[in-house]
Amino acid sequence: MLSTILIIDKRVELSVKYKKSLESADVNVVVARALNDAISAIQKLEPDMIIVSDSIEEKLTNFCEKIRVLTYDTRPVIIALSKSADSEDRIAVLKNGADDFLSEPVNIEEFKTRIGAHLRRDIESNLDIATLLPNQKIVRKTLKRVLNTDNQAVLLAGVENLKNYAEIYTEVAADKLIQTFAAIAKSALDETDFFGRYDENNFIIVTNRFTAEKLAAFLVFAFETVMPKFYSESDSKRGYTLLKGERYAGMRVNFVSVLIGGIVEGFNLISSVDILLDKLFGVKKLAKIPSGSNYAIERTKLSASNSVLCEGGNRSIFVQESDESLNYLIRTALELQGYEVLDSFKFESACQPSIIIMDSGDELSALEILRDMKLRQQFVNTKFIVTSSVHDKYAVLDSGADLYLPKPYEISDLIRWVEHFLKGN
């Protein structure tokens with residue numbers, strides 16, 4: 001993990017000496033000799049530590065208090081350097097926001113050791129418990145620094161279907177799976193790369209822009225190689241799992257997979273961490289395939305003036321039901337719930353319904369159509385609910401259906417499943 005230290009010191013020789021003593025593969029040191037430059041660096045870099053000398057044109061007590069107010073949400077470690085050895089000066093500076101006080105001249109080895117101890121404690125207090133990786137606070141701080149660089153790349157790696165896996169195989173097994181992915185990623189990273197856990201199933205990697213795609217390809221390959229070991233023999237043979245419980249008995253759940261979205265350029269056009277994260281999640285969504293792991297890297301794109309984009313939050317549903325009375329009943333119920341029920345859609349269109357409700361036919365003849373649709377990239381985000389009077393759950397699920405609903409069924413149950421899928425559960 002790369003830590004950033006800001007040294008605020010007007011003295012050229014001493015500040016250079018401190019900088020050289022602290023710089024390493026894990027520590028980036030920035031020097032500011034003017035107060036305006038220091039404030040700007042704090043806002044842009046959100047340093048993990050600030051070392052401030054009494055050579056500045058303001059009292060240490062006042063400046064430490066200002067820094068603490070300015071950085072209340074990021075909470076860097078503040079180290080004060082002073083030529084004074086007076087205990088009252090020490091107490092005043094510590095009371096006004098400093099975490100430590102060092103009297104000059106300092107022993108350079110003691111200086112390095114003290115700084116290292118403070119950095120270590122700061123890092124350890126911001127680790128994710130399950131993976132011992134930097135937590136969301138450190139991830140966001142690191143991403144803010146990326147916005148001020150032009151030679152790095154950011155990868156968002158998400159372990160998909162983790163919640164369903166935990167319900168079937170327990171939270172302990174899910175934690176082991178996450179730890180395995182973290183170990184795979186750590187083994188592939190350089191010492192200057194950053195690797196942190198953003199939330200329950202998403203990780204952020206900051207790496208070299210020229211090796212980012214190779215890294216993403218390796219993570220996808222390595223995870224797909226070890227993933228089958230986390231499933232029972234019967235599930236591995238079937239190729240998917242079933243959730244426990246009577247209500248979920250007909251719901252197909254794909255295996256866990258890793259989807260990676262990456263951005264390797266254009267950070268100067270991104271104004272905030274939130275916008276960067278939105279773009280990363282959008283690119284990761286593009287990597288989604290019917291099953292298995294995959295990655296997508298955003299590059300400079302050209303778009304035709306009349307190009308059509310699919311909007312997020314699609315609430316359109318297509319119903320294919322041969323029984324006219326039941327078809328009318330389903331469509332009416334969905335429309336009353338505020339959904340857009342389509343009369344038809346084009347197979348070749350990039351924009352497809354969020355959900356397709358289809359009857360399998362008396363002899364399951366519609367399942368061949370379903371198999372063909374599941375192989376097409378444009379249906380990768382479409383959920384298929386298959387109703388059937390032929391009560392063969394595994395034949396329906398093996399064809400790629402996300403839910404098997406045996407006839408007869410209650411319309412209210414169908415509506416609940418539609419809501420379930422549209423909420424992304």
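Trainee: Let's start with strand 16 (residues 383–388): how many of its six residues are buried?

Mentor: Keep in mind that this is a predicted model, where local features need pLDDT of at least 70 and side-chain atom pairs count only at pLDDT 80 or more, while totals for chains, interfaces and linings use all residues. Residues are numbered from 1 along each chain as its sequence is written, and side-chain values use heavy atoms, with hydrogens and water left out. Buried means under 20% relative accessible area (exposed is over 50%, partly exposed is in between; 1.4 Å probe, protein chains only). Strand 16 is largely enclosed by the rest of the structure, because its count of buried residues is five.

Trainee: Which residue of strand 16 is the bridge partner of I357?

Mentor: A strand here is a DSSP run of E with at least two residues, a helix is a run of H or I with at least four, and both are numbered from the N terminus. Two strands pair if DSSP finds at least two bridges between them. Strand 15 (residues 355–359) and strand 16 have five bridges, in the parallel sense. In strand 16, the partner of I357 is I385.

Trainee: And what is the order of the strands in the open sheet with parallel pairing?

Mentor: Strand 14 (340–342) and strand 17 (403–406) are the edge strands, each pairing on one side only. Five strands make up this open sheet, in the order 14-13-15-16-17.

Trainee: Which helix packs on that sheet, touching strand 13, strand 14 and strand 15?

Mentor: First, strand 13 (residues 316–320) pairs with strand 14 in the parallel sense over three bridges, and S316 has E340 of strand 14 as a bridge partner. Touching, or contact, means heavy atoms within 4.5 Å. The direction of the helix makes about 170 degrees with that of strand 13, and the helix, at residues 324–336, is helix 12.

Trainee: Inside it, how many bridges join strand 6 to strand 8?

Mentor: Strand 6 covers residues 152–160 and strand 8 covers residues 202–208, and they run antiparallel. The number of bridges joining strand 6 to strand 8 is seven.

Trainee: Is G262 buried or exposed?

Mentor: G262 sits in strand 11 (residues 257–263). Its contacts, not counting residues up to four places away in sequence, are V154, L155, L280, V283, A296, I297 and E298. With a relative accessible area of 0%, G262 counts as buried.

Trainee: Over to helices. At what angle do helix 8 and helix 9 pack?

Mentor: Packed helices are described by the angle between their axes and the distance between the axes. Axes are lines fitted to C-alpha atoms, for helices over the stretch in contact, and angles run from 0 to 180 degrees between N-to-C directions. Helix 8 (residues 171–188) and helix 9 (residues 212–226) have axes 10 Å apart, and their angle is about 140 degrees.

Trainee: How many residues of that contact are nonpolar?

Mentor: Helix 8 brings L177, T180, F181, I184, A185 and A188, while helix 9 brings L215, F218, L219, A222, F223 and V226. Ala, Val, Leu, Ile, Met, Phe, Trp, Tyr, Cys and Pro count as nonpolar, Asp, Glu, Lys and Arg as charged, and the others, Gly among them, as polar. The contact of helix 8 with helix 9 has no charged residues and one polar one, and its nonpolar count is eleven.

Trainee: How far apart are the axes of helix 2 and helix 3?

Mentor: Helix 2 (residues 35–45) makes contact through L35, I39, I42 and Q43, and helix 3 through F63, I67 and L70. The two pack at an angle of about 25 degrees, and the distance between their axes is 11 Å.

Trainee: Last one: is T61 buried or exposed?

Mentor: T61 belongs to helix 3 (residues 60–70). Leaving out residues up to four places away in sequence, T61 touches A92, V93 and N96. Its relative accessibility is 14%, so T61 counts as buried.
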